[in-house]
Amino acid sequence: MSTMNISLPDALKAFVDQQVNVRGYGTSSEYVRELIRKDQDIQRLREILLDGASSAATAPVDAGYFQGLRDRVTQRTGS
């Protein structure tokens, strides 16, 4: 694991300390790691949504589509 040092204004440092205490993080590093992971998730979701928005249109998804999915699952599971 690598180390990164950051400088924060007093007000931000106080906010981080408060979040660590209120949310039950062990350290400010845990809190910052969680923020970065959430930001990564947002970036991935944005990419997925943009990929979907720019993809070619497909057949409409309706009740028949979902029934076909149920039928395929039933066939595979033997239920």
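Predicted model: local features only at pLDDT ≥ 70, side-chain atom pairs only at ≥ 80, totals over all residues.
E34 is partly exposed, because its relative accessible area is 26%. The cut-offs explain the label: buried means under 20%, exposed means over 50%, and partly exposed is in between.

**Salt bridges**

E34 forms a salt bridge with R37, with the closest N and O atoms 4.0 Å apart. Both residues lie in helix α2 (residues 28–54) and are three residues apart, about one turn of the helix. R37 has 44% relative accessibility, so R37 counts as partly exposed.

How many salt bridges does a search of the whole structure find? The search finds three.

| Salt bridge | Closest N and O atoms |
|---|---|
| D17 and K13 | 2.7 Å |
| E34 and R37 | 4.0 Å |
| D41 and R44 | 3.0 Å |

D17 and K13 both lie in helix α1, four residues apart. D17 is partly exposed at 30% relative accessible area, and K13 is partly exposed at 40%. D41 and R44 are three residues apart in helix α2, so about one helical turn separates them. D41 is partly exposed at 45%. R44 is partly exposed at 46%. Why does this spacing matter? An α-helix has 3.6 residues a turn, so residues three or four places apart point the same way.

**Helix α1 and the segment before it**

Q19 also sits in helix α1. Is Q19 buried or exposed? Q19 is buried, because its relative accessible area is 10%. Its side chain joins that of R23 in a polar contact of 2.9 Å.

M4 lies in the segment before α1 (10–23). M4 has 70% relative accessibility, so M4 counts as exposed. Together, M4, I6, L8 and L12 make a nonpolar surface patch of about 420 Å².

**Aromatic pairs**

The count comes to two aromatic pairs. Y25 and Y31 are edge-to-face, 5.4 Å centre to centre, with 70° between the planes. Y31 is buried, because its relative accessibility is 6%. Y65 and F66 are also edge-to-face, at 5.4 Å centre to centre and 80° between the planes. Y65 is partly exposed at 42%, and F66 is partly exposed at 41%.

**Helix α3**

Helix α3 covers residues 63–77. Its 15 residues should span 21 Å at 1.5 Å a residue, and its end C-alpha atoms are 21 Å apart, which agrees. At the start of α3, a side-chain oxygen of D62 comes within 3.2 Å of the backbone nitrogen of G64. After α3 comes G78, with a positive phi near 75°.

Definitions and conventions
Residues numbered from 1 in each chain as written. Heavy atoms only, no water. Patch = residues over 30% accessible without salt bridge, like charges linked within 9 Å, V, L, I, M, F, W, Y side chains within 5 Å. Areas by Shrake-Rupley, 256 points an atom, 1.4 Å probe, with all protein chains shown as cover. Salt bridge = Lys/Arg side-chain N within 4 Å of Asp/Glu carboxyl O. Helix = DSSP H or I, 4+ residues; strand = E, 2+ residues; numbered from the N terminus. Buried < 20%, exposed > 50% of the residue type's maximum accessible area, 1.4 Å probe, protein only. Expected span 1.5 Å × (residues − 1). Polar contact = N/O pair within 3.5 Å; in protein donor to acceptor, adjacent residues only side chain to side chain. Phe/Tyr/Trp six-rings, centres within 6.5 Å; stacked < 30°, edge-to-face > 60°.
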